[in-house]
Amino acid sequence: AQCGFIFDLDGVIVDTAKYHYLAWKKLANELGFEFTQEQNEMFKGVSRKRCLEILLQIGGITASEEQFNTWMVEKNTDYLAYIAHMDATEILPEVPKVLEYLKKMNIPLALGSASKNAVPILEKVHLKEYFDIIIDGNQVTKAKPDPEVFLKAAKQLGLAPQHCVVFEDAVAGIQAANTAGMVSIGIGEKEVLNEAHYVFNDFTEITLQFLDQLMKPTP
Ligand code: G16
Ligand code: MG
């Protein structure tokens, strides 16, 4: 059967994780506590709402619903300011090469991101046209590690989950892909992404032969 490839956005296609981190750190500091890079690992692939819940837990802060929503807006406003001037130079190494090759091989491609800002980011870096299907934070109700985002992508591609390959930089995203029954490929550190079927530091380590092997029809 035909196979399809699903890409996460933040940390796989573009390096926006650092901007998410800066925006959360700014909020934490305003609220009077520190937020470290290590703690930020837990935020990768996780919805904005869930991130704020974890952040407030770290700071030992309880908030009213109104206050919570104000901080959600504040974080996103700061994040949008950070990404306002983003351009194609922020695409991670060799991502365009991989997308170009998969397109040439007629492989259906989907984006599977938790971010509600996914489409404007793809437009800014001029990669939107590569994706046949885009599933982002505006279309899912259950955040990764729930497999909803990837299952929706597979369904819209018209493919069975076991014929889909997922590229992810987050532990929650790898878990989502595995639960969906897909082939999971971690982009990042082996120690962190140890649940993935394969792990690479970045796309420069992924050969075209490896992609060919993933494309091989499975029964
Ligand atoms: C991304 C990031 C998360 C972020 C989430 C929501 O997910 O990895 O850190 O909290 O999107 O983003 P937004 O606040 O823009 O809706 P992914 O799945 O693209 O890695
Ligand atoms: Mg990610």
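pLDDT is the predictor's confidence in each residue, from 0 to 100. I started there, since this is a predicted model. The mean pLDDT of the protein is 96. I noted that 98% of its residues reach 70 or more. For the complex, the predictor gives an ipTM of 0.93 and a pTM of 0.93.

**Entry: ligand 1**

The shell holds 20 residues. D10, S113, A114, S115 and K116 come nearest.

**Entry: α1 against α4**

I turned to helix packing. Two packed helices are described by the angle between their axes and the distance between the axes. I took helix α1, residues 17-30, with α4. Their axes are 9 Å apart and the angle is about 135 degrees. Angles over 145 degrees would count as roughly antiparallel and 65 to 115 as roughly perpendicular, so α1 is oblique to α4. I logged the crossing of α1 and α4 as right-handed.

Which residues of α1 and α4 meet? On the α1 side I listed Y19, H20, L22, A23, W24, K26 and L27. On the α4 side I listed W71, E74, K75, D78, Y79, Y82 and I83. The residues of this contact divide into 9 nonpolar, 1 polar and 4 charged.

**Entry: α3 against α4**

Next I checked helix α3, residues 48-59, with α4, residues 65-83. Their axes come within 10 Å. They cross at roughly 110 degrees. The range for roughly perpendicular is 65 to 115 degrees, so α3 and α4 fall in that class. The crossing of α3 and α4 is right-handed.

From α3, the contact takes R48, K49 and L52. From α4, it takes F68, W71, M72, K75 and N76. I counted by class again: 4 nonpolar, 1 polar and 3 charged.

A cis peptide bond joins K144 and P145. Its omega is about 15 degrees. Where does P145 lie? I placed P145 in the loop between β3 (133-135) and α7 (148-157).

I also flagged E94. Its phi is positive, about 65 degrees, although E94 is not a glycine. E94 sits in the loop between α4 and α5, and α5 covers 95-104.

Technical notes
Residues numbered from 1 in each chain as written. Chains lettered and ligands numbered in written order. Predicted model: local features only at pLDDT ≥ 70, side-chain atom pairs only at ≥ 80, totals over all residues. Axes fitted to C-alpha atoms, helices over the stretch in contact; angles between N-to-C directions. Helix = DSSP H or I, 4+ residues; strand = E, 2+ residues; numbered from the N terminus. Parallel < 35°, antiparallel > 145°, perpendicular 65-115°, else oblique. Left-handed = near helix turned anticlockwise from the far one by under 90°. Contact = placed C-beta atoms within 7 Å. Nonpolar A, V, L, I, M, F, W, Y, C, P; charged D, E, K, R; others polar. Near = placed C-beta within 6 Å.
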